[in-house]
Amino acid sequence: MTALTRELVRIPSRGGIDPYGPVLDFVQRWLGERGLSARQLHGAGGDIVALVVEIAGGQPGPRYVLDACLDTAPFGDKAAWTHPPSSAVIEDGWLHGRGAADSKAAVAIFSHIGAHLRAAADQLHGSVVLLFDVDEHTGVFGGAKTYFRQAGPVNGVMIGYPGGDHIVVGGRGVLRARLHVHGVSSHSGARRQTPNAIAKAAALIQHLEAVALPGTVAGFPLSPKLTVTAVSGGEGYSVVPDLCTLNVDVRLTPAMDDRAGEALLRECVKAVDHGWPDTSPTHVEVTTRWPPYALPPTVPMVNELVESAALYGLAPVLKIAGPSNIGNYLAGIGVPATAGFGVDYEGLHATNERIRLASVPPVQAVYHRTLLRLLAPR
């Protein structure tokens, strides 16, 4: 697993930057050499967005998916790294490199599990799918969406995000919107001052920052959150801008779902528009809706992960995540997902990303035993 992780880290696959072909080709070849025939999935533009292997058991039963992404975050300032981002250097028990934690170690672990399960497939009651996707770090999730649109029934998904001290069983949802704030264009040196779209947007930002949000509710320990994440508008020096666009990220919980979040944005917009009567109303463009979710503790996949972890000396806690992830997308289509139990790491999406190699074998053992238990005769 260490050798495979190193090979994967050495192939740059930054989301939206590097071509995905080299890393996908390498994994497909590695799987094929071990008798695992990977099917390519193509996105709307014809590019390969995922590799899929299904290991069918000898008897009918549930279907579980092991999902890990092959694309990564950007490098950032390469000069700031102790070791080059694609070096895969091992030092003091740590494997360094971009994507080692998120999520090439998981690809290596799941690939080896797949090879082991193939050798004993006739004993399984059900099937295991390996889904290795790209377009994850771009936020498009093209590979996963392409697969689940045509997958058919799936009993559960285990996503190999890193972190051995927790099992993510839920997460805040997200509502993302662009607020197109209008002013009136004119020459900046004119005698008569017209309403400035940037000034109006600033007033809206202040209003959004001050708005009251609900608190927590039973069974969901996190509160909603609203953040203005981007501002764009204006050009040059001599023109009063007539348009300024704000990107707003709203993290959702059961206390505030997407409808309530959108209603809140529209109320804020209406209040600010009222104070700028000589401008066109602000347009609210919703771009993303993912629901919050929390798996009940009775889900078999969760129970088996916890029991298997205990058997190998680990005690991960069940966690509701603050950031949204692909588990939210899956919740929206009715597929239960754990989105985080994996290797120990440092520097996720940051300088000097690395994983602790000693954490790899127990993580592999936990997932392997979990699948054997889930696909055992009932």
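**Labels and their cut-offs**

Modeller: Tyr367 has a relative accessibility of 1% and therefore counts as buried, the term for under 20% relative accessible area, with exposed meaning over 50% and partly exposed in between (1.4 Å probe, protein chains only). This is a predicted model, in which local features need pLDDT of at least 70 and side-chain atom pairs count only at pLDDT 80 or more, while totals for chains, interfaces and linings use all residues. Residues are numbered from 1 along each chain as its sequence is written, and side-chain values use heavy atoms, with hydrogens and water left out.

Colleague: Why is the pair of Phe341 and Tyr367 called tilted?

Modeller: Rings of Phe, Tyr and Trp (its six-membered ring) pair if their centres lie within 6.5 Å; planes under 30 degrees apart are stacked, over 60 edge-to-face, and the rest tilted. The centres of Phe341 and Tyr367 are 5.6 Å apart and the planes stand at 55°, so the pair is tilted. Phe341 sits in the loop between strand 17 (337-339) and strand 18 (345-346), and Tyr367 in helix 9, 26 residues apart. Helices (H or I, at least four residues) and strands (E, at least two) are DSSP runs, numbered from the N terminus. Phe341 has a relative accessible area of 2%, so Phe341 is buried. Ring pairs also join Phe110 with Phe341 and Tyr367 in a cluster.

Colleague: How do you know that Val360 is buried or exposed, and what does Val360 touch?

Modeller: Val360 has 7% relative accessibility and so counts as buried. Val360 belongs to helix 9 (residues 360-374). Apart from neighbours within four places in sequence, the contacts of Val360 (heavy atoms within 4.5 Å) are Met1, Ile109, Val343 and Ile355.

Colleague: What makes Arg34 count as lying over the face of Trp30?

Modeller: The rule asks for NZ of Lys or CZ of Arg within 6 Å of the ring centre and within 35 degrees of the ring normal. Arg34 lies over the face of Trp30 at 3.8 Å from the ring centre. Arg354 lies over the face of Trp94, at 4.1 Å from the ring centre.

Colleague: Why do strand 11 and strand 14 count as edges?

Modeller: An open sheet of four strands has the order 11-13-9-14, with antiparallel pairing. Strand 11 (225-233) and strand 14 each have a single partner strand, so one side of each has no neighbour in the sheet.

Colleague: What makes strand 9 and strand 13 a pair?

Modeller: Pairing takes at least two DSSP bridges between two strands. Ten bridges join strand 9 (residues 173-182) to strand 13 (residues 243-252), and the two run antiparallel.
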